[in-house]
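Subject: Two-chain model for your review

Dear colleague,

Please find the model below, followed by notes on what was found in it.

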Amino acid sequence: MKILYGENDGSTVTFCLSGELDHHTAKKLRAEIDGEILLSRPAVVKLDFSDVTMMDSSGIGLILGRKQTAQSVGATVRVSGAVGEIGKIIRLSGLERLPGLTITEESEKR
Amino acid sequence: MKKAINELKLRLPAKSENEAVARALVCSFAATLDPTVGELADLRCAVSEAVTNVVVHAYRELKDSAAGRIYISVRLYDTREITVEITDTGCGIADVEKAREPFFTTGKEDERCGMGFLVMESYTDSLTVRSKPGRGTTVIMKKKLTP
Ligand SMILES: Nc1ncnc2c1ncn2[C@@H]1O[C@H](COP(=O)(O)OP(=O)(O)OP(=O)(O)O)[C@@H](O)[C@H]1O
Ligand SMILES: [Mg+2]
């Protein structure tokens, strides 16, 4: 699991995740993403999943946890690349019904 | 009568690194039945949930949860059925019915969201959970592949 930082202008910070997202890899990502959110205090936090090859419920926990961190600095979260099996587990979780969180299929990467 | 045509048994320390190992081994074994990409992805995720539960919950009372073991047994049948049994000898679950309710979790502070059993149930054809407090838990998942 790797994070690549995407386009960051003062108001947005983008994290492009890649590889397998499970309990083991999520543990390491949490601190890194939270650190960056608290440091740059953006208005929008973007999490891109287009290069995530497998994700279980730990990924849902990761999104919910980052939503909390984002909210603590007044930011909203945009999840992109929610296709295939990533889209499937996100739909099962009902995340798209939560306020302050947008889920889209298209990728942040270009 | 269905007949088992192949069998895999694994025993791994309950370390988080082994979550990826366990699901990869089970899936490469199941792949010999030529499942679809979607069927294999579902199986991989369901196995990941069961194994993660062992790592996260089963041995939480031990000083070092990696001292606990994950036991996995996979059987492939001539009917294109797969059964995966995942066992631990950990703390067990007092109220299995409650634990299986979607979004029930005892791990809120650890960013668990109570979706594991929901995923196992939705991504396979049947899920059985047997547990005894203080003795451990066995989760049995069955998946029938398309012909
Ligand atoms: N092998 C196990 N040993 C002991 N307790 C377990 C085991 N598996 C599950 N549990 C209990 O059942 C609850 C529900 O499990 P489930 O996998 O559905 O959710 P979770 O693990 O809490 O969260 P998530 O799977 O979304 O990360 C757990 O919170 C835990 O209390
Ligand atoms: Mg779980």
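Two strands are taken to pair if DSSP finds at least two bridges between them, while the strands themselves (E, at least two residues) and the helices (H or I, at least four) are DSSP runs, numbered from the N terminus. On that basis, strand β3 (residues 81–88) of chain B is joined by 8 bridges to strand β5 (residues 136–144) of chain B, and the two run antiparallel; within this pairing, Val84(B) has Met141(B) of β5(B) as its bridge partner.

Please note that this is a predicted model, in which local features need pLDDT of at least 70 and side-chain atom pairs count only at pLDDT 80 or more, whereas totals for chains, interfaces and linings use all residues. Residues are numbered from 1 along each chain as its sequence is written, and chains are lettered from A and ligands numbered from 1 in the order in which they are written.

Chain B as a whole

Chain B has 4 helices and 5 strands, and from the N terminus on its elements follow the order β-α-α-β-β-α-α-β-β. Its radius of gyration, taken over C-alpha atoms, is 15 Å, close to the 15 Å from the globule rule (2.2 Å times the number of residues to the power 0.38) for 147 residues, so chain B is as compact as a globular protein of that length. The C-alpha trace of chain B spans about 45 × 30 × 25 Å along its principal axes. Of its 147 residues, 37% count as buried, a residue being buried if 20 or more other C-beta atoms, placed from the backbone, lie within 10 Å of its own.

The sheet and helices of chain B

The 5 strands of chain B form an open sheet in the order β1-β2-β3-β5-β4, with antiparallel pairing. At its edges stand β1 (4–13) and β4 (126–132) of chain B, each with a single partner strand, so one side of each has no neighbour in the sheet. Neighbouring strands of this sheet are turned against each other by 10 degrees on average, direction ignored; axes here are lines fitted to C-alpha atoms, for helices over the stretch in contact, and angles run from 0 to 180 degrees between N-to-C directions.

Helix α2(B) lies across β2 (69–77), β3 and β5 of chain B, and runs at about 10 degrees to β3(B); contact between two residues means that their C-beta atoms, placed from the backbone, lie within 7 Å. Helix α1 (residues 17–30) and helix α2 (residues 37–58) of chain B pack at an angle of about 145 degrees, with their axes 9 Å apart. The residues that make this contact include Ala22(B), Val26(B) and Cys27(B) of α1(B) and Leu43(B), Val47(B) and Val51(B) of α2(B). By class, the contact residues divide into 9 nonpolar, 2 polar and 3 charged, where Ala, Val, Leu, Ile, Met, Phe, Trp, Tyr, Cys and Pro count as nonpolar, Asp, Glu, Lys and Arg as charged, and the others, Gly among them, as polar.

In helix α4 (residues 116–123) of chain B, 6 of the 8 residues are buried, so this helix is largely enclosed by the rest of the structure. The buried residues are Gly116(B), Phe117(B), Leu118(B), Val119(B), Met120(B) and Tyr123(B), and what covers them includes α2 and α3 of chain A together with α2, α3 (96–100), β4 and β5 of chain B.

Where the chains meet

The contact between the chains takes 17 residues from chain A and 20 residues from chain B. On the side of chain A, the elements that give two or more residues are α1 (23–40), α2 (57–72) and α3, and the largest share, 7 residues, comes from α2(A). That side has 6 nonpolar, 7 polar and 4 charged residues.

The sheet of chain A

Chain A has an open sheet of 5 strands in the order β1-β2-β3-β4-β5, with mixed pairing, and its edge strands are β1 (2–5) and β5 (101–103), each of which pairs on one side only. The twist averages 20 degrees from one strand to the next. β1(A) is joined to strand β2 (residues 12–21) of chain A by 4 bridges, the two running antiparallel, and they form a hairpin with 6 residues between them. By contrast in direction, strand β4 (residues 76–80) of chain A and β5(A) run parallel, joined by 3 bridges, with Arg78(A) opposite Thr102(A).

With kind regards

Conventions
A residue is buried if 20 or more other C-beta atoms lie within 10 Å of its own, exposed if 12 or fewer, and partly exposed in between; C-beta atoms are placed from the backbone.
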